[in-house]
Amino acid sequence: MGILSWIILGLLAGILAKWLMPGRDGGGLIMTILLGIAGAFVGGWIGTRLGFGSVTGVNLGSLFTAVVGALALLFLFRLLRK
């Protein structure tokens with residue numbers, strides 16, 4: 001998957017994660033993109049280990065996996081900030 005695809009997928013995953021778990025996290029658009037990209041990696045790693053699949057391109061399955069990873073990262077980020 002190309003870098004542009006990762007950025008697009010990360011942007012979408014980050015926005016969806018922030019929408020599903022709203023809060024005052026700060027960071028703006030750049031932090032949202034980074035959260036989504038990192039979430040795609042985490043979600044892909046967890047999905048591969050559990051046998052659900054991985055992040056293979058910009059499609060619904062990969063987006064779902066990336067959003068789950070981004071939600072997990074957002075949850076951990078909020079726990080560490082408290």
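Trainee: In what order do the elements of the chain run from the N terminus on?

Mentor: They run α-α-α. Keep in mind that this is a predicted model.

Trainee: And how many helices and strands are there in the chain?

Mentor: The count is 3 helices and 0 strands.

Trainee: Okay, let's look at α1 and α3. At what angle do they pack?

Mentor: Helix α1, residues 3–20, meets helix α3, residues 60–81, at about 55 degrees. Their axes lie 8 Å apart.

Trainee: Is the crossing left-handed or right-handed?

Mentor: α1 and α3 make a right-handed crossing.

Trainee: Which residues make the contact?

Mentor: From α1 you have Leu9, Leu12, Ala13, Leu16, Ala17, Lys18 and Leu20. On the α3 side they are Ser62, Leu63, Ala66, Val67, Ala70, Leu71 and Leu74.

Trainee: How do those divide into nonpolar, polar and charged?

Mentor: The contact of α1 with α3 has 12 nonpolar residues, 1 polar and 1 charged.

Trainee: I spotted Lys18 in there. Is lysine 18 buried, exposed or partly exposed?

Mentor: Lysine 18 has a relative accessible area of 21%, so it counts as partly exposed; buried would mean under 20%.

Trainee: How far is lysine 18 from valine 67?

Mentor: Their C-alpha atoms are 9.5 Å apart, while along the chain the two residues are separated by 49 residues.

Trainee: New topic: which residues make up the largest nonpolar core?

Mentor: That core has 7 residues: Trp6, Leu9, Ala13, Ala40, Leu63, Ala66 and Val67. Both α1 and α3 supply at least two residues of this core. As a general point, nonpolar side chains in soluble globular proteins tend to be buried together.

Trainee: What share of the chain is buried?

Mentor: Of the 82 residues in the chain, 33% are buried.

Trainee: What about phenylalanine 75, where is it, and is it buried, exposed or partly exposed?

Mentor: Phenylalanine 75 is in helix α3. Its relative accessibility is 46%, so it is partly exposed.

Trainee: Last one: of the contacts between residues at least 6 apart in sequence, what share joins residues at least 24 apart?

Mentor: In this chain, that share is 71%.

How values were computed. Residues numbered from 1 in each chain as written. Predicted model: local features only at pLDDT ≥ 70, side-chain atom pairs only at ≥ 80, totals over all residues. Heavy atoms only, no water. Axes fitted to C-alpha atoms, helices over the stretch in contact; angles between N-to-C directions. Helix = DSSP H or I, 4+ residues; strand = E, 2+ residues; numbered from the N terminus. Left-handed = near helix turned anticlockwise from the far one by under 90°. Contact = heavy atoms within 4.5 Å. Nonpolar A, V, L, I, M, F, W, Y, C, P; charged D, E, K, R; others polar. Core = buried A, V, L, I, M, F, W, Y, C linked by side-chain atoms within 4.5 Å. Buried < 20%, exposed > 50% of the residue type's maximum accessible area, 1.4 Å probe, protein only.
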